[in-house]
Amino acid sequence: MNAHIVTLPGDGIGPDVTAQAVRVLQVIAGKFGHTFSFEQQLIGGIAIDTTGMALPRESLDACLEADAVLLGAVGGPKWDDPRAKTRPEEGLLAIRKGLGLYANLRPVKPHPALAFASPLREEKIKGVDFIVVRELTGGLYFGTPKERRQHGDHVSAVDTMEYHDYEIRRIMDLAFKLAAPRKKHVTSVDKANVLVSSRLWREIATEMHADYPDIKLDHVLVDTAAMRLVTSPASFDVVVTENTFGDILTDEAAVLVGSMGLLPSASLGKGKMGLYEPIHGSAPDIAGQGIANPLGSILSAAMLLRHSLDLAQEAAVIEQSVNEMLSAGCRSADIARPGETVLTTMQMTDEVIRRI
Ligand code: IPM
Ligand code: MN
């Protein structure tokens, strides 16, 4: 197959890890007889420095034409001034909205060889295998009004959490579909005891459940969900929730596996096109040193193959290669124990490629 992939390496370690994921995709293309073309575009802080905008029109247009987008990371101390006109993160929000990517999938499945790296005891980590489906283009992130207000000598600020029925319906639909080939268990997370938007969320989730009789649906309040993620993480299968709750819960979920550096994500919309990125941030402290863990980005490339290009077998080959190299003891700095050999970003990728 022919596929056109736009890369948005962004800031910090984004370029370090994205380059490695591209190497892996090129090897896959060679082995399986595909042709992938790559086009690099700007986003985030580097885009602000170059063009004044966090997401230049040219970048968005290129993504709109692509089969899939592979993103690195955005942000860093250089662009952190709270009074700055534009922030790198705006680029990320703009591309999610601009591409209509309303669903963010964050799978969490710890590798047994890395159970030691988790802050939870090994027996709690055993059997953990869930996926968070985070609503990505609604809620507090995008609701209006969103502004500061001057009241004489005082100032206030407002954000708005608004959900439309169709926004809830499409994300619940995806959650039920994802659960079907898994453990058939959806946990919908809300704050229905306080928020009216959550009560609508719960009402629609319950109503839609009628169409999926073989899937179990639980409603859990977000505070309880935060607790269960550390007390019984193995009890989850598919977790579906609104934008802000999903943001918070996925960072919590990410540390279960031992390192943020390991986890991929996919942002999907109506069609096949999607945006794929590791869930770790730009880690400016280690940027450009060639020591970042590339596995989050490489596993994001696997998700890209599966969801946007329908290349499930190729995706599985990457995931299997990553599993094998971790089982064989290959370690980047973030997951190495004292005394273990530490591999560079490039060497980690070499170990994956060797096994493809
Ligand atoms: C994430 C990030 C972003 C978010 C930031 C960088 C805007 O934390 O993808 O989870 O809050 O969505
Ligand atoms: Mn986040």
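User: Why are α8 and α9 called roughly parallel to each other?

Analyst: This is a predicted model, where local features need pLDDT of at least 70, side-chain atom pairs count only at pLDDT 80 or more, and totals for chains, interfaces and linings use all residues. Residues are numbered from 1 along each chain as its sequence is written, chains are lettered from A and ligands numbered from 1 in the order in which they are written, and side-chain values use heavy atoms, with hydrogens and water left out. Helix α8 (residues 222-231) and helix α9 (residues 243-256) pack at about 10°, their axes 10 Å apart. Angles under 35 degrees count as roughly parallel, over 145 as roughly antiparallel, 65 to 115 as roughly perpendicular and the rest as oblique. α8 and α9 are therefore roughly parallel.

User: What makes the contact between α8 and α9?

Analyst: Contact means heavy atoms within 4.5 Å. From α8 come V222, A225, A226, L229 and V230; from α9 come F245, L249, E252, A253 and L256. The contact residues divide into 9 nonpolar, no polar and 1 charged. Here Ala, Val, Leu, Ile, Met, Phe, Trp, Tyr, Cys and Pro count as nonpolar, Asp, Glu, Lys and Arg as charged, and the others, Gly among them, as polar.

User: Why is strand β5 called largely enclosed by the rest of the structure?

Analyst: Buried means under 20% relative accessible area, exposed over 50%, partly exposed in between (1.4 Å probe, protein chains only). In β5 (residues 130-135), 6 of the 6 residues are buried, so β5 is largely enclosed. F130, V132 and R134 point one way, I131, V133 and E135 the other, and all are buried.

User: How do you know which strands pair with β5?

Analyst: Two strands pair if DSSP finds at least two bridges between them. Strand β4 (residues 103-108) is joined to β5 by 6 bridges and runs antiparallel. Strand β10 (residues 238-241) pairs with β5 in the parallel sense, over 4 bridges. R106 stands opposite V132 in β5. R134 stands opposite T241 in β10.

User: Why is G98 called partly exposed?

Analyst: G98 has a relative accessible area of 36%. That value falls in the partly exposed class, so the label holds. G98 lies in helix α4 (residues 88-98). Beyond its neighbours within four places in sequence, G98 contacts L60 and L64.

User: How do you know where domain 1 and domain 2 run?

Analyst: Domain bounds come from an automatic or database domain assignment. That assignment gives domain 1 as 1-118 + 259-356 and domain 2 as 121-257. Their centres, taken over C-alpha atoms, are 24 Å apart. The contact takes 23 residues from domain 1 and 25 residues from domain 2.

Key
Axes fitted to C-alpha atoms, helices over the stretch in contact; angles between N-to-C directions. Helix = DSSP H or I, 4+ residues; strand = E, 2+ residues; numbered from the N terminus.
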